[in-house]
Amino acid sequence: MDIESNIRLTDEDVDKALKDVTSSKQLQEVKMSFLGKTGRVSELMKHMREVAAEKKREIGQLLNDLRARTEEKFNALNDKLKKKELEERYAAETVDITMPGRKSESGSFHPNTLIRDELVSIFSGMGFEVFEGPEIENEYYNFTALNTPADHPARDMQDTFYLAPGLLLRTQTSAGQIRVMESKKPPIKILSPGKVYRSDDDATHSPMFSQMEGLVVDKGITLCDLKGMLDEFAKRVFGESVKTRLRPSYFPFTEPSVEVDVSCFECGGKGCRLCKGTGWIEVLGAGMVNRRVLEGCGIDPDVYSGFAFGMGIERIAMLKYGINNMKLLFEGDVRFLKQFKD
Ligand code: PHE
């Protein structure tokens, strides 16, 4: 077949091949079979060598035209197919905004976590740093260094869980006070949240519960500093109108020792069920760090003084959220827990 007929035939074959093309991917394959390195049009070009010299110009022109025409046909169809495919894709991805949404369930924090985080946030705003001591303690940190006599009833097997002679589950986060004072020079300002354990079990007591301890040691710290700080704490946790009062108490590691009450935030102090008619609610224990405790930690009590306080996190949670049974805080019932959101 001469080259001119071949060019005509190729033209027709291109049209035929394009008729059946339905996708841009398929088009690409067909394109290669005509315009690729070994495609029909390219093969024809290779025959130029055999063309007689006087016809070279004419045939060359015909071949170039064929090539240009073929490319144009492919480009035109490619544009059309691409547009169609894009429209199809958009149609498939259309979102029906009138459909009802899918609700994603969000969890909530445990009341203990909420209170602990709130307390940490309040006290760290006052410059306290968090220190977490170990839950397994020895008698020295939990009792002896806290000036608790060897025959003190709190040390009894009935109150304390002993793991081995001299080794126990801490009964108070106060144990951490000693660890801090042993390892740090004043000024000291720490907050120590954590779990504690006591052999106790009723509606307001649990064998495991959580405490938040605070300790401040520096030159010239007085009971007034403690009172001022507690006033601020009580307002932040229970409300602006809440007042605090100190009652004398006893802890071996503080002298003087106090119990701290807040005016009843439920009745405003008139007397109600929550405050058992007294107008006041006990929230924590505190006091000035006993000289003997400071001395035992190598801190000179004639130069430094300090205060400490400790509160039950569950107790604060129960008061603040009106929870009447401590067991609810340990059962993990989601219907109860999901009621507490920030
Ligand atoms: N550790 C005491 C308790 O568990 C509370 C307390 C802490 C009292 C710090 C005074 C100072 O009851």
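Start by selecting strands S3 and S4: S4 covers residues 167-169, and the two pair in the antiparallel sense over two bridges. (Helices, H or I of at least four residues, and strands, E of at least two, are DSSP runs numbered from the N terminus; two strands pair if DSSP finds at least two bridges between them.) Click on Ala164 and you will find Leu167 of S4 opposite.

Before moving on, note that this is a predicted model, in which local features need pLDDT of at least 70 and side-chain atom pairs count only at pLDDT 80 or more, while totals for chains, interfaces and linings use all residues. Residues are numbered from 1 along each chain as its sequence is written, and side-chain values use heavy atoms, leaving out hydrogens and water.

**The three-stranded sheet**

You have an open sheet of three strands in the order S2-S4-S3, paired antiparallel. S2 (136-138) and S3 (162-164) are at the edges with a single partner strand each, so one side of each has no neighbour in the sheet.

**The seven-stranded sheet**

Next, colour the strands of another open sheet, with seven strands in the order S1-S5-S6-S10-S9-S8-S7 and mixed pairing. Its edges are S1 (129-130) and S7, each with a single partner strand, so one side of each is left without a neighbour.

S1 and S5 run parallel, joined by two bridges, and Val130 stands opposite Leu191 in S5.

Phe251 has Thr254 of S8 as its bridge partner. Continue to S9, which is joined to S8 by eight bridges and runs antiparallel to S8; Ser263 is partnered there by Trp280.

How many of the ten residues of S8 are buried? Eight are, so S8 is largely enclosed by the rest of the structure. (Buried means under 20% relative accessible area, with a 1.4 Å probe and protein chains only.)

**Two pockets**

Time to look for open space. (On a 1 Å grid over the protein atoms alone, a pocket is an open set of points where a 1.4 Å probe fits, with protein on both sides within 12 Å along at least five of seven lines; lining residues have an atom within 4 Å of a point.) The largest pocket has a volume of about 1600 Å³, a volume being the space filled by probe spheres set on the points.

Select Thr204, His205, Glu282, Val283 and Arg315: of the 50 lining residues, these lie nearest the centre of the largest pocket. Elements giving two or more residues to this lining include S6 (208-218), S10 (305-312) and helix H10 (313-321). Which strand gives the most? S9 does, with seven residues.

The second largest pocket holds about 210 Å³ of space. Among its lining residues are Asn112, Arg116, Glu132, Lys195 and Ile313. Helix H5 (111-125) and strand S5 (188-197) are the elements that give two or more residues to this lining.

**Zoom out**

Finally, show the whole chain. The domain assignment, which is automatic or from a database, gives domain 1 (3-92) and domain 2 (111-337). Taken over C-alpha atoms, the centres of domain 1 and domain 2 are 87 Å apart.

Definitions and conventions
Buried < 20%, exposed > 50% of the residue type's maximum accessible area, 1.4 Å probe, protein only.
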